[in-house]
Each structure stands twice: as C-alpha cells, then as structure tokens.
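Visitor: I would like to learn how to read a model like this one. Please take me through it feature by feature.

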2 protein chains.
Amino acid sequence: MPPEAKSGPKLGRVLLVGAGPGPADLMTVRAVRAVEGAQALLYDALVDESALDLAPRGCLKIRTGKRSGSASMAQAEINALMLKLARRGLTVVRLKGGDPSIFGRASEERAWLEARGVAVETIPGVTAASAAAAQFGFSLTRRGDARRVVFLTARTEGGDVVDDGWALGADAETTLVLYMARDAARGVADRLMTEGRSPATPALMVENAASPSGRMIRTTLAGIGAAVEAAQPTGPTLLVIGEVCAEAAGALAETPPDQRRTALAG
Amino acid sequence: MPPEAKSGPKLGRVLLVGAGPGPADLMTVRAVRAVEGAQALLYDALVDESALDLAPRGCLKIRTGKRSGSASMAQAEINALMLKLARRGLTVVRLKGGDPSIFGRASEERAWLEARGVAVETIPGVTAASAAAAQFGFSLTRRGDARRVVFLTARTEGGDVVDDGWALGADAETTLVLYMARDAARGVADRLMTEGRSPATPALMVENAASPSGRMIRTTLAGIGAAVEAAQPTGPTLLVIGEVCAEAAGALAETPPDQRRTALAG
C-alpha cells in the first residue's frame, strides 16, 4: 500500500538546499546534514556526484536537470513531485548548484509549496562567483576601484542579447559576473562596449569553477568573443569583467603549479 | 627559543577563510577543516564565537576586528602579523565574516603575502545576502522581474552619500543589496529615487542575517530612512531593495512562528 493511501499521513517538508559550486566540501555543514537526513533527494544538473553520495541508504534520488542533451523536467513537474513526496510524509531535499537564491528559482518553488501548506526551509550555499574568485586568487570587490559587483544573466536570440539595462555595467568601478555565459558572452561584451565600458577592461572566462577540471582564461572585454570561441567551454561558464580580473592573472602566475593544484583539488 | 630564531624554519602558509554569515554550521566543510587545522587564527569582528571553538587546543587566537568601540588592528599590522606567523612555519587561518572575496579585502592581503613568498589559499563562504534571502524566504533574483543583483557599499560624509554611479540601481529589474548599510541607508535610498527608482519599491532591512537574533523589517524605498531610524540596528545590517522583497513579507507572514524560529536558529 503506498503511503499516501493511508489516512492522514504527517505532512513532510521541503528543504531547498544550496550545494555550492561543486566539490562536496564546499557545501555548508547545514547542507551536508540536510542531505544526510533526506528521504527524497531531487538534484539538478549542476550538482556534483560527491554530494549525492552523502544521502542515506534508501533515499529516493531523482535527477531533475538536464545534462548535455538529455531531457530535463519542467518546473511544474518538479513542483508537483515535491508536493507529492511531502504529502507522503517525506523529508524532501531539493539540491541546487550554487546558492538557491541566486538564479536558483528558490522563491518560485517556495511560494508554490507554501501556498499548498508545505513547510519550506532554504539553506544557502556558496555561489559560483565566490568560488571562482577564491580559486583564482582575485576578489569580486576591491577598495578603491571595484566598489560594486553585479551578478546577472542574459537572454539571447540568434546570438544577440535581447535584454536592456546594460548601462549598469558601464561604470569602471563595477565588477560584472555573467552566469550561464557560454552563449551570451560576445553579445554582452558588445553591449557593454556600446554603453561606454573600455574595451581594454580585464576579463576572465571561468569554466567549472571550484572543480578539479576548473579552468580560467584571461582576456579583455574586447577579446571575450574570440576567447570563448577558442576555449569552447562545455561546462558551466562564468564571465567576470572588471579591474579585479587583472589580479587573477598576477596571482596565478605567481603561484607555483603544485600550490595551484591544491587550490583546484581542495 | 622562539621558532623564528632557528635557522631556516619551513615557511608556513596563510588560508583566507570565509566564515559565512554567522552560525558555524553555515561554514563550508572545507572552512571547518581549515579552522580545525589552524596553528594561528586571526578573526575579524563579524566572526561568531562558535566558529572559534573549532580551533584546536594550543592554537593562537587573535582578534583583529573592532567590536563596538574597542580598537581594531590596522590593515598593515594584520598583514605584518600574518607574515611573521607564516615565517615561524605556522599554518595561519585568517577567518573573515561572509565570503572573503565580497567586501573582504581578500585580494589585497593575498597579493601582499604572495609578493613576500607566502603561499595563500582562499576558501569561499556564504555571503550575508544569500543568508538573508534563505532565512526570510525570498530570492535575490527572480525570472521575469529581478534579472540582476548588485552587492554594494556606500561611502558617506555627514550623512550624505558621496559615491557616484547610482544609475545602476534605477532599473526596476535590478535587486540591490547594500552591505554595511546602517549609516548609508537613507542617503542611498534618496540617491536611487533621484535616479528614478520608484519610491514604492519594496525594501527590507536585515540585521544579523542568519543568526538567532536576526530580524527583518519590511519597508519601501521611500520608507527606508525612517525604518532604519526606528529600528536602531546595532549588528551588521543589510538593506535589500527590489521587487523580490515583496516575497519575503509574504513568506514570513505565512510561516508559523515555531517554523520561523527553526529557520532562525538553524
């Protein structure tokens, strides 16, 4: 008899948990404990296998995100599944790459579930931009010349960026971090130069931030398009634009290779 | 005989470690291990006592940040101290509230130490904005109406904000998070309204994000000055401005008080 057929099972709850940028040791202690206590684990495509291994025996594991071509679940399906599992009385952990509140749709899922009486708790995570900065030795802000940092995404149509509001990146003291940057990199760079940002502004392309396969390409705002085409990234890609990027180059050049591997492998 | 008097002690290293927003269980596993392995621990004022308890017996603990009036060490003193300890062969952990790459001066310290031959590793942390969003049930971005998030600080002179570049906050689809917001809140709100941001834009004041004493005040862009004056925050204070804030209000109102305490106390 399936649990939901019983009369009045205790309603379960949902934890929206940030898995951080990849390696399981960059999850918070609270997130690790949540996964260790999960009865059902829904995980997206950006979550590292090592995080899934923390789930207890018997935990139902369901992949919701697509990885290179395979189909992913629609948001409505994911919501319905979480609700169904919670109504069976299960502790449901929804594990998302990075931080659930930054491009993670946490509030959409939370509002939908709460409207149906399910208690939701969110556990924050380290966002990819912080991980990239740590790995490659730069900061996202810097006293004097980088007083603000913007995290953003961009919509493209046929290679052209269709969003407006790019004036916010024109200021020389603003660091920009473009998430999901692979397809929009050139278009965003073009728009920023049109808005008046210097073509010589240092920029970095970071693929698979924080993972052992992480790599960083140094370029400039004007060189971004060519750099991304040459690098052909296949993993999650960030683009960082701003004076702070100059330091990444310096720091990496000064770091001996063995030390660099330690930083990469954690 | 002090260790540095020996001939050729092995050079130690420095780890710049993000302590996250407060509670020790919101540190990453990697950060916890770093503190557990510290021979010297330099910690700033925003670091929670519970994180310090993770240090091993015999670890030298040095507070570098000021707390309500007491003197804090100058940056040059902190740098010199880290260098001295590393030259004694010690593993030095520099524990910073939040994420070291966001308003944490990580790259300044790293560049200074690396220029003197000291190996530096940075371990990222959960930034206060992510913690506030998780605690109070909103997101920093949202599909459709909050496509970008800006983290920033502001300089004030006699209550007036002296920075420029506020046009970046005028766009209705941008979420702003002002760190160290206590003194600059009213000035920043005024500047954003001057730049054309709607006075009715939802806003939140969050004090001591993620801690059991954390509190959140709902207001609007126009109401920020009065709200901060009425609330008289004494702990670290964030100001969040944008449409996403409307959801925090909803979520909190729907959450039963006992659930709320769980979220607060972790």
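**A guided reading**

Guide: Start with one residue: A:Ala227 counts as buried, at 11% relative accessibility. Buried means under 20% relative accessible area, exposed over 50% and partly exposed in between, with a 1.4 Å probe and protein chains only. This is a predicted model, where local features need pLDDT of at least 70, side-chain atom pairs count only at pLDDT 80 or more, and totals for chains, interfaces and linings use all residues. Residues are numbered from 1 along each chain as its sequence is written, chains are lettered from A and ligands numbered from 1 in the order in which they are written, and side-chain values use heavy atoms, with hydrogens and water left out.

Visitor: Where is A:Ala227 placed, and which residues does A:Ala227 touch?

Guide: A:Ala227 sits in helix H7 of chain A. Helices (H or I, at least four residues) and strands (E, at least two) are DSSP runs, numbered from the N terminus. Not counting residues up to four places away in sequence, A:Ala227 touches A:Ile217 and A:Thr219. Contact means heavy atoms within 4.5 Å. A:Met205 is 22 residues from A:Ala227 in sequence and 7.9 Å away in space, C-alpha to C-alpha.

Visitor: How do I read the packing of two helices?

Guide: Two packed helices are described by the angle between their axes and the distance between the axes. Axes are lines fitted to C-alpha atoms, for helices over the stretch in contact, and angles run from 0 to 180 degrees between N-to-C directions. In chain A, helix H6 (residues 185-194) packs on helix H7 (residues 224-231) at about 170 degrees, with the axes 8 Å apart. H6(A) is therefore roughly antiparallel to H7(A). The cut-offs: under 35 degrees is roughly parallel, over 145 roughly antiparallel, 65 to 115 roughly perpendicular, and the rest oblique.

Visitor: Which residues of H6(A) and H7(A) make the contact?

Guide: H6(A) brings A:Ala185, A:Arg186 and A:Ala189, while H7(A) brings A:Ile224, A:Gly225, A:Ala226, A:Val228 and A:Glu229. Five of the residues in this contact of H6(A) with H7(A) are nonpolar, one is polar and two are charged. Here Ala, Val, Leu, Ile, Met, Phe, Trp, Tyr, Cys and Pro count as nonpolar, Asp, Glu, Lys and Arg as charged, and the others, Gly among them, as polar.

Visitor: Which residues touch the most other members of the largest nonpolar core?

Guide: A nonpolar core is a set of buried Ala, Val, Leu, Ile, Met, Phe, Trp, Tyr and Cys residues joined through side-chain atoms within 4.5 Å. The largest has 50 residues, and A:Val93, A:Leu95, B:Val93 and B:Leu95 touch the most other members. A second, separate core of 44 residues includes A:Val161, A:Trp166, A:Met205 and B:Ala189.

Visitor: Is helix H5 of chain A enclosed or open?

Guide: Eight of the nine residues of H5 (residues 128-136) of chain A are buried, so the helix is largely enclosed by the rest of the structure. A:Gln135 and A:Phe136 are among them. A:Gly137 follows H5(A), with a positive phi near 70 degrees.

Visitor: What is the phi of A:Phe103?

Guide: Most residues other than glycine have a negative phi. A:Phe103 has a positive value, near 55 degrees. A:Phe103 is in the loop between strand S4 (91-96) and helix H4 (106-114) of chain A.

Visitor: Does B:Thr153 count as buried or exposed?

Guide: B:Thr153 is buried, with a relative accessible area of 15%. B:Thr153 lies in the loop between strand S6 (148-152) and strand S7 (156-157) of chain B. Leaving aside neighbours within four places in sequence, the contacts of B:Thr153 include A:Arg147, B:Phe103 and B:Trp166.
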